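Open the structure in a viewer and keep the selection panel at hand. The stops below say what to select next and what is there.

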Amino acid sequence: MSELELSLLRARSMEALKQKARRGELFFTVAVGYMKVGRDKIEMDPDLRVREAIGLVFTRFAEMQSVRQVFLSLRSDQIVLPYLNSKNSGQPQVLWKLPVYATVSNLLTNPVYAGAYAIGRTGSRTIIENGRKRIMRGRRKDRSDWAVLLVDHHEGYLSWAEFERNQRLIADNANGKGMMVRGPVRKGEALLAGLLRCGHCGRRLLVSYNGTKGDVGRYKCDATRSDPGGDPCISFSALRVDEAVGVEIVRLLQPLGVQAAIQAITQCEHQSGEKQRQIELALEQARYEATRAHRQYDTVDPDNRVVAGELERRWNGAVASVRALEEELEALLRQRPAALGVEERQRLLQMGADLEAAWHHPAATAVTRKRIVRVVLREIVAQVEGDQIHLLLHWQGGDHTSLTVRKNRRGQTRWSVEPETVELIRACARMMPDKAIAGMLNRIGKRTGRSNGWTQSRVRGFRNTHDIAVYRDGEWAERGEVTLTEAASILNLSPATVLRQIRAGIIPAQQYCMGAPWAIKRGDIEDSHLIERIKSCSKGPPSSDSDQKTLVFQ
């Protein structure tokens, strides 16, 4: 009976704790940044320094969207964060130190900072190891398995919607979590790394780099990793796809360019004062501690040398801390960059108005572009059909956009000449020599694969690469064709008159493209009926006035 009573008391106690937790009144510990009020409530810490330090972590994560980048930026700026020293008996003491990764991660993933009350976020699991029971504690549960979750329970440092967005970003930044996670922003020139998904099998496309400098990206579906015996899936270069998506993003964000530039100016001025604000708050706290130590030293009995010596040591330490913070603040003010001038503000606003110039600016790194892409795009589904890459862009707001990008055939590179130029050179090689072809291509604006102008040697090398025969004298005669000048000589007319009649449709002729020579069949201009028509048209049109007479000059 005694054992039964103990079991019943334990069960009733546990149920009472659960009921108290369901009401949001059970607190074993209180997170840093909060303090317990009464027996069943918590409020934000009244210390302004603590609140601003914790708020700074969430502000930087909203900007950088990476726990590791926030941690590195705080360490780089030497910004300390508060933590609770629970070793002291009684009320835990708030201390300060440079953050470690776990500190930043716990701040960003704890729902208490979003004003939510949560109990049962971790649990234990029992396994059998070497024939013996082993309990593994601290296993994180899914949100649906939490024992209690009460949103809007108390005042938070951020809203619940922002907290959920942060959790999605942290989950997407995790590596090794399967092919459905896009991963963090990483080094490399590939703009869409982690966002592309195969439209044939649903896997996330991976990125590989090649080239002489290792900066030429290529997206590929790694379907053969899970099925080595299967057929390989899609693979295409990143250059044209990144360019097409970048153009689409610039086109849609262009109306918001000026607003983004103004916001960038504001953030630049705000970031320069974040560290200064933290040092000023720390200096204010240190001065208070020094003043309090001074008061304690003044009130002690001078004859009590043991206590007086200890209080004097504390006072000296507080004064030294004040002096160190003052020197750090002075050094920061000396190194602080000057505020943006009128010309710099105008330049930023001008770049905001011309977002395309800002996108292609040399100072805009690949990491910056990737962050912009991830802000506006959620996912891109890619399908390859023949020599076309079909992209379906899923925007963050829920809209969708379709793009089609040409894909190089096997053996082609990004330096390949456009197919239209290849066919043009192939056709013109039967009409004129290489020097004339180079001049014609330059006049109509055609360029080589490396965006250079054409020369006789480049046309010759292009023909040799594509097995195009060189122009031979007499090819026109073999085909029974004449040039515009030869036709004018045969008809005893000027070339301008022959050209005018070609454009009028009187003389049949063919021109492959603008700037290419006109090809005229010899049999057409030797036809007697056509010759009579040409001569009658060359005399000029008759007047519509019946009284008009023709004057013949001799």
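What percentage of the 554 residues in the protein is buried? Buried residues make up 32%, where buried means under 20% relative accessible area, exposed over 50% and partly exposed in between, with a 1.4 Å probe and protein chains only. This is a predicted model, in which local features need pLDDT of at least 70, side-chain atom pairs count only at pLDDT 80 or more, and totals for chains, interfaces and linings use all residues. Residues are numbered from 1 along each chain as its sequence is written, and side-chain values use heavy atoms, with hydrogens and water left out.

**Whole chain.** Switch to a cartoon view: the protein has 21 helices and 17 strands. These are DSSP runs numbered from the N terminus, with helices (H or I) of at least four residues and strands (E) of at least two.

**First core.** Select Val57, Leu74, Val104 and Tyr113. Of the 35 residues in the largest nonpolar core, these touch the most other members. Such a core is a set of buried Ala, Val, Leu, Ile, Met, Phe, Trp, Tyr and Cys residues joined through side-chain atoms within 4.5 Å. Elements giving two or more residues to this core include helix H2 (48-64), helix H3 (67-76) and helix H4 (101-109). H2 supplies the largest share, eight residues.

Now centre on Val104. Leaving aside residues up to four places away in sequence, Val104 touches Val57, Val67, Val70, Phe71, Leu74, Leu81 and Pro99; contact means heavy atoms within 4.5 Å.

**Sheet.** Next, show S9, S13, S14 and S15, four strands that form an open, mixed sheet in the order S9-S13-S14-S15. Strands pair if DSSP finds at least two bridges between them. Strand S9 (196-198) and strand S15 (400-406) are at the edges with a single partner strand each, so one side of each has no neighbour in the sheet. S9 pairs with strand S13 (residues 377-385) in the parallel sense over three bridges.

**Helix pair.** Finish at helix H18 (residues 484-491) and helix H19 (residues 495-503), which pack at about 105° with axes 8 Å apart. Axes are lines fitted to C-alpha atoms, for helices over the stretch in contact, and angles run from 0 to 180 degrees between N-to-C directions. H18 and H19 are therefore roughly perpendicular to each other; angles under 35 degrees count as roughly parallel, over 145 as roughly antiparallel, 65 to 115 as roughly perpendicular and the rest as oblique.
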